[in-house]
Amino acid sequence: MQEQSAHAEHVYTSAQRNSAAASSPIVASWRRCMTMHRLVPEDERAPMRLTDQEFLDARKQSEQLIAGATEELDRLFTTVGRAGCCILLTDRKGIALERRGSAGDDKDFHDLGLWTGSVWTEASMGTNGIGTALADERSVAIFRDQHFFCSNIRLSCTTAPIRDHRCELAAALDISTCRDEVNEMTLAILTQTVRDAALRIELNLFRSAFAGARFLMVPTSANSAAALLAVDRHDLVLGATRAARIALQLDDKRIAAGIPAADALHEATVSQQEEIVEAEKAALLRALSRTSGNVSQAAIALGISRATLHRKMKKLGLH
């Protein structure tokens, strides 16, 4: 009881501060819970549960999502299940559609509401991995007393959102545990694990949405495996993953207009080449500035010959 009272006081105090710490995503969520959803942290609350028929209807609406995630859920459970973790797949409304967990931990997770048919949103359960990830549309990790309700402060969870083939929020993948030995470092490892799994589910959904199309990998500086284009037999882009959209500056309008994949990739290549040229130009200007325009000294500083520096300066219009 004393621990719960201290937690409630901490939530109230933090939410009222204007410090840098008070602007964190966790505190921002606490504020939403109090101002938007009219919740109080000391409330003892379990998630709302759907009726059997409502649950069946929700699963039917998410058949493609479940099919695309099943194999990944099984693989994820073999990785973290024995460590006392529960895995939940929810739809975009926070409804738990699929669950994986060890039988020995079932009672604890059932009591906490980490079960199929439960609804994990910020509006119903305050700050929590699933609800907050769906609200912010980004990955979050909630460690114990970062939860809003006192009833959830022994729970640690990490959640990644899942986007459909149109890059719209479609679901959330969550790993939760109430083991005492879990620390923030452990949670950080689980966070990367759940992000990777969510990305693979996204790619499964993308490929199934464009069955029969060719898939092209877009060269990116980050995760190229996540940057895919779906292309038809005329080389027109049918769809693009989020990473590909960012790399190629694509949106629904450009895709609907029928942009050829070759053009999209060429634009990206030209943009990358321009960045390289600008970087080289900046390096030469810095060297020349530091030597007060002395070309010979600048060439020595750059590790190139004076003639080479002159050629580069001419090419880049630095004369």
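How many bridges pair strand β9 (residues 228–231) with β10, and in which sense do the two strands run? In this predicted model, β9 and β10 pair through 3 bridges in the antiparallel sense, where pairing requires that DSSP finds at least two bridges between two strands. Residues are numbered from 1 along each chain as its sequence is written, and, the model being predicted, local features need pLDDT of at least 70, side-chain atom pairs count only at pLDDT 80 or more, and totals for chains, interfaces and linings use all residues. Side-chain values use heavy atoms, with hydrogens and water left out.

The overall picture comes next. The protein chain contains 13 helices and 10 strands; helices (H or I, at least four residues) and strands (E, at least two) are DSSP runs, numbered from the N terminus. For the protein chain the radius of gyration is 25 Å, whereas a compact globule of 319 residues would have a value near 20 Å. That radius is taken over C-alpha atoms, and the globule rule is 2.2 Å times the number of residues to the power 0.38. Along the principal axes, the C-alpha atoms of the protein chain fill a box of roughly 75 × 50 × 35 Å.

Strands β9 and β10 belong to an open sheet of 3 strands, ordered β8-β9-β10 with antiparallel pairing. Because β8 (214–217) and β10 (237–240) are at the edges with a single partner strand each, one side of each has no neighbour in the sheet. From one strand to the next, the twist averages 30°; angles run from 0 to 180 degrees between N-to-C directions, and axes are lines fitted to C-alpha atoms, for helices over the stretch in contact.

Strands β6 (residues 156–163) and β7 (residues 169–177) run antiparallel and are joined by 8 bridges, and the bridge partner of Cys157 in β7 is Ser176.

Helix packing can be read in a simple way. Two packed helices are described by the angle between their axes and the distance between the axes. For helix α4 (residues 63–80) and helix α8 (residues 184–209), the axes come within 9 Å and cross at roughly 150°. That angle makes α4 roughly antiparallel to α8, given that angles under 35 degrees count as roughly parallel, over 145 as roughly antiparallel, 65 to 115 as roughly perpendicular and the rest as oblique. Residues of α4 including Gln64, Leu65 and Gly68 meet residues of α8, among them Leu190, Thr193 and Ala197. By class, the contact of α4 with α8 holds 9 nonpolar, 5 polar and 3 charged residues; Ala, Val, Leu, Ile, Met, Phe, Trp, Tyr, Cys and Pro count as nonpolar, Asp, Glu, Lys and Arg as charged, and the others, Gly among them, as polar.

Two further helix pairs complete the account. Helix α1 (residues 2–16) and helix α2 (residues 25–35) have axes that come within 9 Å and cross at roughly 100°, which means that α1 is roughly perpendicular to α2. Their contact involves His10, Val11, Tyr12, Ser14, Ala15 and Gln16 of α1 with Val27, Trp30, Arg31 and Met34 of α2. Helix α12 (residues 295–302) packs against helix α13 (residues 306–315) at an angle of about 100°, the axes being 9 Å apart. Helices α12 and α13 are therefore roughly perpendicular to each other.

Note on methods. Contact = heavy atoms within 4.5 Å.
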